[in-house]
Amino acid sequence: MQSTIFMSGEKPSLNFETPKFSYDELAQQLVDYTPDTERYPHDEASVVSVVEGIRAGRIGNVAVGGCLMKDGEIISREISKAVAPFHRTDLHVEMVLLNELEEKLCDNKKPRMRDYTLFTSQEPCPMCLARICFNQVGKTYYVYRDGNSPEAGAQTNWDRLPPGFKGLGSRLVIEEAQCSPELKEISRQVWLNSIGPAVNEFLDRY
Ligand SMILES: [Zn+2]
């Protein structure tokens, strides 16, 4: 990952690594992968999240997917919808999943959000972390985070969240998924297939 210099007034230039595999190849790697749930308790939900990530990427979104679990069962799975079919820049997959859940729980004043677990294929951005704090979903696990990327860095997005949000989220678990390193790399490769063109699309709207 190259370092990035932002010059005021100029279109920011972000350089992402070239992916080593296509969506088809990565989808096949997921088919060939056998979850090892003894060793990696989050393997199955992680595979589902990355499969959804590929689905997001294939239709022109940033290739991030996720699922929601309750009582050990996957209750919904979704894709990021922020770029396609049109720009709805709030609709990262975390938002899509929590929107659906909040609508489903509309009549429930105390839905015990601590019983729900959100999985995503990529570390939530600060916007989604703020939403997670407001929503109070008990656990959030992400398959992959790029510690070297300009938008992440050495600290997690959670580490850098303003103190007020951290206070709201102090009972929540927000961590990297306990899945295999192989799945983390597949998730990273999936994301790399989409991120460059998507960021360019955002910036060209300026
Ligand atoms: Zn987000």
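In helix H1 (residues 23-32), the residues Tyr23, Leu26 and Leu30 are buried, where buried means under 20% relative accessible area, exposed means over 50% and partly exposed lies in between, with a 1.4 Å probe and protein chains only. Helices (H or I, at least four residues) and strands (E, at least two) are DSSP runs, numbered from the N terminus. This is a predicted model, in which local features need pLDDT of at least 70 and side-chain atom pairs count only at pLDDT 80 or more, whereas totals for chains, interfaces and linings use all residues. Residues are numbered from 1 along each chain as its sequence is written, and side-chain values use heavy atoms, with hydrogens and water left out.

Tyr23, Leu26 and Leu30 cover an arc of only 65 degrees around the axis, and therefore lie on the same side of H1; the arc is that of the directions from the helix axis to the C-beta atoms. An α-helix has 3.6 residues a turn, so residues three or four places apart point the same way. The other side of H1 carries Asp24, Val31 and Asp32, which are exposed. The cover over the buried residues of H1 includes helix H2 (43-58) and helix H6 (181-204). Between H1 and H2 runs a loop that holds Thr37, a residue that is partly exposed at 38% relative accessibility.

A nonpolar core is a set of buried Ala, Val, Leu, Ile, Met, Phe, Trp, Tyr and Cys residues joined through side-chain atoms within 4.5 Å. The largest such core has 27 residues, and those that touch the most other members are Val62, Leu118, Ile132, Val137, Ile174, Trp191 and Ile195. At least two residues of this core come from each of H3, S3, H4 and H6. Ile195, leaving aside its neighbours within four places in sequence, is in contact (heavy atoms within 4.5 Å) with Phe16 and Val62. A second, separate core has 22 residues, including Val50, Phe119, Tyr144 and Ala177.

Phe119 leads on to the aromatic rings. A search of the whole structure finds 3 aromatic pairs, a pair being rings of Phe, Tyr and Trp (its six-membered ring) with centres within 6.5 Å, called stacked if the planes are under 30 degrees apart, edge-to-face if over 60 and tilted for the rest. One of them joins Phe119 and Tyr141, whose ring centres are 5.5 Å apart and whose planes stand at 35 degrees, so the pair is tilted. Phe119 in strand S3 (residues 116-120) and Tyr141 in strand S4 (residues 139-142) are 22 residues apart, and the pair thus links distant parts of the chain. Phe119 is buried at 2%, and Tyr141 is buried at 8% relative accessibility.

Another pair, formed by Phe134 and Phe165, is edge-to-face, with 5.6 Å centre to centre and 70 degrees between the planes. Because Phe134 lies in helix H4 (residues 126-135) and Phe165 in helix H5 (residues 163-168), this pair ties together parts that are 31 residues apart in sequence. Phe134 is exposed, with a relative accessible area of 57%, while Phe165 is partly exposed at 25%.

His92, in the loop between strand S2 (73-79) and helix H3 (93-104), and Cys125, in the loop between S3 and H4, are 33 residues apart. His92 is partly exposed, at 24% relative accessibility.
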